[in-house]
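Look over the fold before reading the details. The report then covers the sheet and some of the helices packed on it.

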Amino acid sequence: MRLIFLGPPGAGKGTQSRELAREWGVPQVATGEMLREAVAAGTPLGREAKRIMDSGALVPDDVMIGLIAERLRQPDAAGGFILDGFPRTIAQAEALECLLKDLGHTLDAVLYFEVAEPELVRRLTGRRLCRQCQTAFHLVSAPPRRAGVCDRCGGELYQREDDSEATVRHRLQVYAQQTSPLLDYYRQRGQLVSIKAEGAIDAIRDAIRRAATAAR
Ligand code: AMP
């Protein structure tokens with residue numbers, strides 16, 4: 001299974017890719033999480049990325065392309081992967097095409113998560129994440145059993161710096177300008193499959209399973 005999960009911030013790519021990667025036994029390659037880990041570890045990449053991420057802008061293409069090239073060359077990605085948050089620009093998509101050709105791999109499909117903007121803002125501003133296992137909760141629609149504590153692993157819940165309302169609005173603009181052109185890019189290649197990504201998480205996951213199976 002070699003899939004890209006494409007869509008705006010808050011569309012549910014992380015939630016769905018984490019579960020499905022586990023189910024399918026392939027790595028979830030989430031570039032935002034890789035960057036947040038680099039920030040937490042205080043690496044040079046993390047120091048460079050933090051300010052950009054906090055503002056809601058995109059980290060430069062050359063940095064991201066280098067990061068993904070290194071990640072997809074790891075042995076655990078040889079049998080498949082789910083890309084979550086990459087590519088985010090046309091330049092990244094073109095670099096990915098070259099990289100996959102080099103590795104002798106082809107994409108099965110690009111799944112586009114369709115969610116209306118007011119719902120994205122609602123999801124992102126109420127989102128809380130587990131520091132340990134990254135499971136996502138929502139203050140109103142999916143609260144944890146105990147406030148501030150992860151149901152799955154007992155880890156501490158936190159709000160991402162870039163989930164404040166002002167930054168969320170900026171991230172959605174960045175998505176519209178820099179990432180949404182990828183829809184046409186993949187549509188032209190016959191690889192784009194749309195998923196209605198509002199409603200119950202389990203029903204959306206079933207739709208993704210069906211789309212992924214049909215694409216193989
Ligand atoms: P995410 O967790 O996918 O919402 O990503 C969080 C932040 O990390 C984004 O707002 C960007 O600043 C940065 N980021 C993640 N993936 C990429 C990418 N493919 N290209 C550029 N910046 C990225």
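Predicted model: local features only at pLDDT ≥ 70, side-chain atom pairs only at ≥ 80, totals over all residues.

Residues are numbered from 1 along each chain as its sequence is written, and side-chain values use heavy atoms, leaving out hydrogens and water.

Five strands form an open sheet in the order E2-E3-E1-E4-E8, with parallel pairing. Strand E2 (28–30) and strand E8 (192–196) are the edges, each pairing on one side only. From one strand to the next, the twist averages 25°. Pairing requires at least two DSSP bridges between two strands. Strands are DSSP runs (E, at least two residues), helices likewise (H or I, at least four), numbered from the N terminus.

E1 (residues 2–6) pairs with E3 (residues 81–84) in the parallel sense over four bridges. Phe-5 stands opposite Asp-84 in E3.

Angles run from 0 to 180 degrees between N-to-C directions, with axes fitted to C-alpha atoms, for helices over the stretch in contact; contact means heavy atoms within 4.5 Å.

| Helix | Lies across | Angle |
|---|---|---|
| H1 (residues 13–24) | E1, E2, E3 and E4 (109–114) | about 170° to E3 |
| H2 (residues 31–41) | E2 and E3 | about 65° to E2 |

Helix H8 (residues 181–188) has buried residues Leu-182, Leu-183, Tyr-185 and Tyr-186. Buried means under 20% relative accessible area with a 1.4 Å probe, protein chains only. Their cover includes E1, E4, E8, H5 (90–103) and H7 (165–179). Gly-190 follows H8, with a positive phi near 70°.

Notes
Buried < 20%, exposed > 50% of the residue type's maximum accessible area, 1.4 Å probe, protein only.
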